[in-house]
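Welcome! Here are some exercises to work through with the sequence and the 3D view side by side. Try each task yourself before reading its solution.

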Amino acid sequence: MTEVATLATSDQLLVVIDPVARRADGESVRIAKDVLSAGAAAKVCLPDGPEEFARVLARRGSRRPVVIGDDRALTRAVALLYRRRELGGCPLSVVPVGGSPGALSLARALGVPTGAVAAARAVLEGAERRLDLLVDDSDGVVLGALRIPPTAVEDEPAVEPDAPSVAHPWLRTCQSLVRTLATRPGRTTRTAPAALHLVRPARLRVEVDGVTLVDLDQPVAGVCVTPGATGGPATVEVRPLSVGAEAALLLAHGHTVTVSGADFRYRADTAVAGPVRRRTWTVREGAWGLTLPVG
């Protein structure tokens, strides 16, 4: 059962406004700040970048942190507090503000209102709910979803694929993610002349609570892992790749998920990591608290 703790509106707040939110939607930021300041004693901080964001959060004292920003700002705050081993005793609040609806999809999925006024009122009048977290063996965290796509083949000329398995919607999603990985800022990549990169199916061993769900001899079109309900196992979905007929989705539930094989990248919520050859994610039950509307 989800644990709920009522939050007093008289709590002192540390309102941390992410710089991306200030640039993307200054009006929503102003509205949220005004609502919060009118309802509680609020100290407002305007960090210029990730390092200052981390320093402000570390020096919060007894104030309850409120992040005004998009999904990246929320995941950054959770990751920072987890690495400082302070996440369990520090409930977080968030007012989602971003440049596009897609930048707020995680907050929306977690149950946070996406309007500035409604989200700010939830901070003041809502309740803390304990949520599960996926934690990997390098101290990385996953709040919403972990996804592993196939790998791009950048050394071969791209061709328009026509195999039925390549045209599957699941794989088209993976292709889109592959192009995102291949064109991240700051990396030099070769661009194929055609619109699509070739995709090499991933060959991975996926183990759930020590039991092999899929092995290296079965190519896969994608892997998705999501935390379950509070205190419950994670959900693991693997889409095998087959020629001709659509492969059945492999589904499992467990508290520990290990993926190994050839070098692979993965997307943990909003961040892309890797390449790695092996990574284990473990469910941490009720590891963090998020302020959500009551009822």
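**Exercise 1. Which residues of β4 point one way, and which the other way?**

Solution. Keep in mind that you are looking at a predicted model.
- Step 1: Go to strand β4, residues 64–69.
- Step 2: R64, V66 and I68 point to one side of the strand, while P65, V67 and G69 point to the other.
- Step 3: Now check burial. With buried meaning under 20% relative accessible area, 6 of the 6 residues of β4 are buried.

**Exercise 2. Find the order of the strands in the open sheet of 4 strands, and name its edge strands.**

Solution. 
- Step 1: Start from the pairing of β4. β2 and β4 run parallel and are joined by 5 bridges, with I68 of β4 as the bridge partner of I17.
- Step 2: β4 also pairs with β5, again in the parallel sense, over 4 bridges. Here the bridge partner of I68 is V95.
- Step 3: Put together, the order is β3-β2-β4-β5.
- Step 4: β3 (42–45) and β5 (93–96) each pair on one side only, and they are the edge strands.
- Step 5: From one strand to the next, the twist averages 20°.

**Exercise 3. Which strands do helices α2 and α6 lie across?**

Solution. 
- Step 1: Take α2, residues 26–39. This helix lies across β2, β3, β4 and β5, and runs at about 160° to β4.
- Step 2: Take α6, residues 116–125. This one lies across β2, β4 and β5, at about 175° to β5.

**Exercise 4. Which residues of α3 are buried, and what covers them?**

Solution. 
- Step 1: The buried residues of α3 are F53, V56 and L57.
- Step 2: These residues lie on the same side of α3, because they cover an arc of only 95° around the axis.
- Step 3: Their cover includes β2, β3, β4 and α4.

**Exercise 5. Which element gives the most residues to the largest nonpolar core?**

Solution. 
- Step 1: This core has 31 residues, and those touching the most other members are V78, L110, L133, V141, L143, W288 and L290.
- Step 2: The elements giving two or more residues to the core include α3 (50–58), α4 (71–83), β6 (127–136) and β17 (271–292).
- Step 3: α4 gives the most, with 7 residues.
- Step 4: Zoom in on L143. Among the residues L143 touches are L74, V78, L110 and W288.
- Step 5: Apart from this core lies another, of 24 residues, including L134, V142, I148 and V259.

**Exercise 6. Where in the chain is confidence lowest, and where highest?**

Solution. 
- Step 1: Begin with the whole chain: the average pLDDT is 83, and 79% of the residues score at least 70.
- Step 2: Strand β1 (residues 4–6) has the lowest confidence, at a mean of 37, and β5 the highest, at 98.
- Step 3: The pLDDT is below 50 over residues 1–10.
- Step 4: Residues 153–171 also stay under 50, and the model has 37 contacts for them beyond four places in sequence.

Conventions:
Residues are numbered from 1 along each chain as its sequence is written. This is a predicted model: local features need pLDDT of at least 70, side-chain atom pairs count only at pLDDT 80 or more; totals for chains, interfaces and linings use all residues. Side-chain values use heavy atoms; hydrogens and water are left out. A nonpolar core is a set of buried Ala, Val, Leu, Ile, Met, Phe, Trp, Tyr and Cys residues joined through side-chain atoms within 4.5 Å. Buried means under 20% relative accessible area, exposed over 50%, partly exposed in between (1.4 Å probe, protein chains only). Contact means heavy atoms within 4.5 Å. Two strands pair if DSSP finds at least two bridges between them. Axes are lines fitted to C-alpha atoms, for helices over the stretch in contact, and angles run from 0 to 180 degrees between N-to-C directions. pLDDT is the predictor's confidence in each residue, from 0 to 100. The arc is that of the directions from the helix axis to the C-beta atoms.
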